[in-house]
Amino acid sequence: MARADGLIEPEPLRAVPAKKVYPPLQWWPLRVMNPWHKLAVLVVQNAAIRLISLSLGLVLPAMVNSVVTQTLVVVTVIATARSFRGFGEPVAAPRAWWRLSARPLIGWWLAAMYLLGASTPLFDPRLRDAGWAIVFVETAFLGLAFLNSSIRLTAQRRHPQI
């Protein structure tokens with residue numbers, strides 16, 4: 001449409017996407033949707049695990065401290081993965097028992113990261129200390145859990161009737 005001066009308004013190069021609006025943080029059951037809230041939860045979780053590990057290191061032998069700390073890491077990673085929600089994902093309904101992420105891509109990345117971390121002591125004998133087998137098993141478990149989640153999410157996207 002021509003303006004009064006005879007010039008035509010150019011078409012916008014691309015449409016400006018609407019700003020995503022996240023629901024507020026829900027405390028019970030814990031549901032975290034906003035990416036900044038997720039980052040804050042992960043920072044607090046990591047700091048708390050470090051403090052607990054340091055505190056337990058004062059009273060427990062190194063092997064027991066390693067087992068307890070690594071088990072705590074696995075439990076908190078699974079709990080936060082089940083509490084985090086993707087944009088547009090239902091907040092109230094619980095996820096399927098196997099689902100750890102909103103989309104498959106992040107699950108593929110986390111699975112690769114955990115499985116690579118679990119396999120590191122297999123290639124470097126210097127990293128094998130007294131508790132390496134426990135850390136290997138628990139880290140491999142996390143990697144396989146994220147891998148399972150991504151495989152099932154990908155299959156569900158390709159075949160929604162599953």
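I will start with what lines the largest pocket: 19 nonpolar residues, 10 polar and six charged. Before going on, note that this is a predicted model.

The space in that pocket comes to about 920 Å³. Its lining has 35 residues, and L42, V77, T80, L110 and Y114 are the ones nearest the centre. Which elements give two or more residues to this lining? They are α1 (35–59), α2 (62–83), α3 (104–123) and α4 (132–158). Of these, α1 gives the most, with eight residues.

Next, the surface. There is a nonpolar patch made of L105, I106, W108, W109 and I151. Together these residues have about 560 Å² of accessible area. The element that gives the most to the patch is α3, with four residues. Take L105, which sits in helix α3. Is L105 buried or exposed? Its relative accessibility is 58%, so L105 counts as exposed; the cut-off for that word is over 50%.

R157 can be treated the same way. This residue is in helix α4. R157 has 55% relative accessibility and therefore counts as exposed too. If you want a distance to check on the screen, go from R157 to A79: the two are 78 residues apart in sequence, and their C-alpha atoms are 24 Å apart in space.

Now the salt bridges. How many are there? The count is two. In one, R95 pairs with E89, and the closest N and O atoms are 2.8 Å apart. R95 and E89 are both buried. In the other, R99 pairs with E89, with 3.9 Å between the closest N and O atoms. R99 and E89 both lie in the loop between α2 and α3, so this pair ties together parts that are 10 residues apart in sequence. R99 is buried, as is E89. Because a salt bridge is counted within 4 Å, the R99 pair, at 3.9 Å, is included.

Last, the backbone. Most peptide bonds are trans. Where does this model have a cis peptide bond? One joins W28 and P29, with omega at about -15°. P29 belongs to the segment before α1.

Note on methods. Residues are numbered from 1 along each chain as its sequence is written. This is a predicted model: local features need pLDDT of at least 70, side-chain atom pairs count only at pLDDT 80 or more; totals for chains, interfaces and linings use all residues. Side-chain values use heavy atoms; hydrogens and water are left out. On a 1 Å grid over the protein atoms alone, a cavity is a set of points where a 1.4 Å probe fits but cannot get out, and a pocket is an open set with protein on both sides within 12 Å along at least five of seven lines; lining residues have an atom within 4 Å of a point. Grid points are joined across faces, edges and corners, and a volume is the space filled by probe spheres set on the points. Ala, Val, Leu, Ile, Met, Phe, Trp, Tyr, Cys and Pro count as nonpolar, Asp, Glu, Lys and Arg as charged, and the others, Gly among them, as polar. Patches are made of residues with over 30% relative accessible area and no salt bridge: like charges are joined within 9 Å, nonpolar side chains (Val, Leu, Ile, Met, Phe, Trp, Tyr) within 5 Å. Accessible areas come from the Shrake-Rupley method with a 1.4 Å probe; for residues, only the protein chains shown count as cover. A salt bridge is a side-chain nitrogen of Lys or Arg within 4 Å of a carboxyl oxygen of Asp or Glu. Buried means under 20% relative accessible area, exposed over 50%, partly exposed in between (1.4 Å probe, protein chains only).
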